[in-house]
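Please take a look at the molecule below and keep it in view as you read. We will walk through a few of its parts together.

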Amino acid sequence: LANARERAVGFIGKVELASLWHKVRTSRGGRELVRAASGPWELFRTASGSLLSPGDAAQRHLDALLAKVALRRSQDLQKLLMEEGGGQVNEESVAEMLEDATAPIVIRRSDMVRSALTQIAERSVEHLLLGVTARELPGFQDNSIVNYLGLRVQFVGEEGVDMGGVRKDFMDCFAAALTRPEAAPLSLVDPITLLGLGADSTWRPAPCDEDDQSYLWAFGRLLGLALVYRCPCPIPMSGLVFKCLLGTPLRPGDVRQLDPDFWHHRVKPLLQEGGADLRQQELQEWCMDPLVFTSADGSRELVPGGADVLVSESNREEYAQLLCEDFLIGNVRTEIGCLVMGFHEVIPKELLVDLDAEQLRMLVCGVAEINVDDWQAHAVVEGSRQVAAWFFDWLRKRPQETRSKMLAFGTGSSVLPSGWEGLKDQQGQPLPFRILAQGDPDALPSAHTCANLLVLPPVTSRAALERKLDRVIELSGREMLLV
């Protein structure tokens, strides 16, 4: 990551007029973007430990982080409004701000990724975060308008007001569209491919052209918004991405986890006493070029002039560190730099110091493993407890995929925000999963995703409920209308 910042700055400075970057520069100013990319990247720090479980610790850190984000952004916003009003808050500026902040992002399901990221790039960060920062603004704390501010989503051709449920549904759909890019029938544009699947079956930025790198910057913004609004984006992202977001150095141990063969054959022998001298001797006997400070494939120098720097016993540890870092992210430094820059526009890096990479991953991407006993323990049941018990018994007999579908049906999201305690509204108030057993016994189960409410019919037998639940899962495509 040593030169990721410079590469991102250079990239932003030479963008083409036809790219999304040009639209952003026109509306926000190219200097501002370059200044953001040029900010301090302190890459080496010691992660703080915690005695709490990862989920509990992550939630506590998130609560504190959002309070800091809200306070800082609200202060900046008030200063901006005062400046525009000549020392007083300008009512016209406030009205204009609210008009923009209450307008939802309008998404086309047929072009999910492109339509979403383009609009997120064009919106100002202050307006995107207003749903969180408004609680620190005078006159907004107890105002219901807060629920209509910030990141809200509207799907083209679909009715419904986003009070949180549509946003969660969007995150699920966006994740599926980004990781399984398939062109819609009769589509005139190709799908966007921003991520690649690593050897550990997790996703990370893929090498891409200039236009797609601009979408990666907007994707970084979206990941930051997923954290801020407690609405995980269920993409199993690589832990390397979150280390880069935190500025945590990449270690040889990361290579050992990702590619054991590379570790055992290229790295481990060098770290042993006399390993560098032995390797140089072997290469000489095989009539091969000596080992120098270049990447594993020889296409990149690990340090300036690295092609002329021989690996020796005195610098072998430095070489191993740089070789591993390059092996992990060497061909996507600019892409990762763009994603990191977008994320830090939403959440400044200095506010993330209390989180480690795993906690940040849980908060941004959610927890996909669903334990039914925990689900039942945290559920609030209204109505027939027998029907609720049958529901959880049915879940226990189903695989994780079915549990995720049912969680998405009831809450709008197929993953949990770092555990069941993480189910909260955008103001940070608990919003537990609820089961209401009432209504027409012949009806199918329904859901109010904005309230995390699952409505089960008051049936009189286990078999009748299981048939209805199986039918819901069978119909659980995105064409279903969730309230």
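Leu-436 has a bridge partner in strand 8, and that partner is Val-455. Keep in mind that you are looking at a predicted model. The two strands around this pair are strand 6, covering residues 434-437, and strand 8, covering residues 453-456. They pair in the parallel sense, over four bridges. As background, strands of a sheet pair through backbone hydrogen bonds, either parallel or antiparallel.

Which strands form it, and in what order? Four strands make up an open sheet in the order 5-6-8-7, and the pairing is mixed. Strand 5 (380-383) and strand 7 (446-448) stand at the edges with a single partner strand each, so one side of each has no neighbour in the sheet. On average, neighbouring strands here are turned by 20° against each other, ignoring direction. Helix 19, residues 385-396, lies across strand 5, strand 6 and strand 8. This helix runs at about 125° to strand 6.

Next, let us visit a pair of helices. Two packed helices are described by the angle between their axes and the distance between the axes. For helix 13 (residues 260-271) and helix 14 (residues 275-285), the axes come within 6 Å and cross at roughly 125°. Because of that angle, helix 13 counts as oblique to helix 14. Which residues make the contact? Helix 13 contributes His-265, Arg-266, Pro-269 and Leu-270, while helix 14 contributes Gly-275, Ala-276 and Arg-279. Sorted by class, this contact has three nonpolar, two polar and two charged residues.

Notes
Residues numbered from 1 in each chain as written. Predicted model: local features only at pLDDT ≥ 70, side-chain atom pairs only at ≥ 80, totals over all residues. Heavy atoms only, no water. Axes fitted to C-alpha atoms, helices over the stretch in contact; angles between N-to-C directions. Parallel < 35°, antiparallel > 145°, perpendicular 65-115°, else oblique. Contact = heavy atoms within 4.5 Å. Nonpolar A, V, L, I, M, F, W, Y, C, P; charged D, E, K, R; others polar. Pairing = 2+ DSSP bridges.
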